[in-house]
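Work through these exercises with the model open beside you. Try each task before you read its solution.

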Amino acid sequence: MALSPPLPSFRLDGKRALITGGGRGIGAAGAAIFAQAGAAVTLCARSAKEVEAKAAEIRAAGFEADSFVLDVTDTAAVVREIAARGTFDILLNNAGANRIRAITEVTEADYDAVLNLNLKAALFVGQAVAKGLLDAGRPGSIINVSSQMGLTGGGGRSLYSASKWGLEGLTKCMAIDLAPNGIRVNTICPTFIDTALTRPILETPGTRDYVLSRIKLGRLGRMDELSGALLLLASDASTLMTGSSLVVDGGWTSG
């Protein structure tokens with residue numbers, strides 16, 4: 001006799017997933033996880049070499065993946081290229097950047113570089129995917145990659161934190177607008193993950209000790225520790241979650 005409720009399904013069979021910033025870091029990890037769960041994944045980034053290498057790696061493992069070049073800060077290209085590739089059921093809205101500056105050193109060029117990529121581009125990529133789902137009359141899941149810095153602040157992080165706080169607000173508004181159509185929108189908020197991108201930051205004198213003092217588990221996160229959260233948000237296991245922030249921060253924001 002079957003028990004009720006049944007175990008949730010984390011499978012993504014028959015679904016198509018778009019991953020921005022897919023050549024490295026969280027984007028590359030998310031693409032690999034979604035592919036293993038059965039999705040056909042499409043990776044995009046400004047670097048053709050990186051995204052095609054990751055797509056080839058996924059294909060070599062026996063899963064479905066392709067890639068294309070896209071600068072997500074080019075809104076016209078975003079609209080054109082996403083529409084040309086049909087409907088995506090899942091979006092991992094991951095492309096982002098950081099410029100660590102004391103508030104007295106921030107320039108207008110710094111502001112434009114970080115906010116245009118982390119917030120403006122995230123809005124219009126999400127809009128393009130949502131429009132495809134609306135036109136097809138299909139539900140979907142949009143995952144905006146935020147940060148623990150979208151819930152708190154930090155020295156030198158004014159631009160990054162502002163962009164991620166903005167992304168948190170944008171996500172809640174997107175969730176409200178799209179909920180009647182079954183399109184869910186959530187964020188994932190990681191702490192410092194041990195990657196090639198974070199290591200130079202952590203090598204700054206005093207930074208590693210400060211970071212480890214704030215992460216209550218006392219260590220950096222591993223990329224595989226984001227896999228469960230990403231798969232939860234992408235799959236039907238989270239059909240009642242929208243407008244939420246899934247915090248994976250080792251306790252950083254707990255106090």
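**Exercise 1: Two packed helices**

α3 passes α4 in a right-handed crossing. Keep in mind that this is a predicted model.

Task: Find the angle at which helix α3 (residues 75-84) and α4 pack, and how far apart their axes are. Then classify the pair.

Solution.
- Step 1. Two numbers describe a pair of packed helices: the angle between the axes and the distance between them.
- Step 2. For α3 and α4, the angle is about 25° and the axes lie 9 Å apart.
- Step 3. Angles under 35 degrees count as roughly parallel. α3 and α4 are therefore roughly parallel to each other.

**Exercise 2: The sheet**

Task: Write down the strand order of the open sheet. Which strands stand at its edges?

Solution.
- Step 1. Recall that strands in a sheet pair through backbone hydrogen bonds, in parallel or antiparallel fashion.
- Step 2. Here 7 strands form an open sheet, ordered β3-β2-β1-β4-β5-β6-β7, and the pairing is parallel.
- Step 3. The edges belong to β3 (65-69) and β7 (245-248). Each has a single partner strand, so one side of each has no neighbour in the sheet.
- Step 4. Ignoring direction, neighbouring strands of this sheet are turned by 20° against each other on average.

**Exercise 3: Around strand β4**

Task: Describe how β4 (residues 90-93) is joined to β1 and to β5, and where its side chains point.

Solution.
- Step 1. Take β1 (residues 16-20). It runs parallel to β4, and 3 bridges join the two. Ile-19 stands opposite Leu-92 in β4.
- Step 2. Take β5 (residues 140-145). It also runs parallel to β4, with 4 bridges between them. Ile-90 has Ser-141 in β5 as its bridge partner.
- Step 3. Follow the chain from β4 to β5. It passes through helix α4 (residues 108-136), and this β-α-β crossover is right-handed.
- Step 4. Look at the side chains of β4. Ile-90 and Leu-92 point one way, Leu-91 and Asn-93 the other way, and all are buried.

**Exercise 4: From β1 to β2**

Task: How many bridges join β1 to β2? Then decide whether Ala-40 and Gly-38 are buried or partly exposed.

Solution.
- Step 1. β1 and strand β2 (residues 40-45) run parallel, joined by 5 bridges. Ala-17 stands opposite Val-41 in β2.
- Step 2. Ala-40 is found in β2. Its relative accessible area is 15%. Buried means under 20%, so Ala-40 is buried.
- Step 3. Gly-38 sits in the loop between α1 (25-36) and β2. At 26% relative accessibility, Gly-38 counts as partly exposed.
- Step 4. Compare sequence with space, C-alpha to C-alpha. Ala-40 and Asp-13 are 27 residues apart in sequence and 8.1 Å apart in space. For Gly-38 and Arg-16, the values are 22 residues and 9.1 Å.

**Exercise 5: The cysteines**

Task: How many disulfides does a search of the whole structure find? Check Cys-173 and Cys-189.

Solution.
- Step 1. The search finds 0 disulfides.
- Step 2. Cys-173 is in no disulfide; its nearest cysteine sulfur belongs to Cys-189, 15 Å away. A disulfide needs two cysteine sulfur atoms within 2.5 Å.
- Step 3. Cys-189 is in no disulfide either; the nearest cysteine sulfur is that of Cys-173.
- Step 4. Now the surroundings. Cys-173 has 48% relative accessibility and counts as partly exposed. Cys-189 has 0% and counts as buried.

Terms used:
Residues numbered from 1 in each chain as written. Predicted model: local features only at pLDDT ≥ 70, side-chain atom pairs only at ≥ 80, totals over all residues. Heavy atoms only, no water. Buried < 20%, exposed > 50% of the residue type's maximum accessible area, 1.4 Å probe, protein only. Pairing = 2+ DSSP bridges. Right-handed = clockwise from strand over helix to strand, strands pointing away. Axes fitted to C-alpha atoms, helices over the stretch in contact; angles between N-to-C directions. Parallel < 35°, antiparallel > 145°, perpendicular 65-115°, else oblique. Left-handed = near helix turned anticlockwise from the far one by under 90°.
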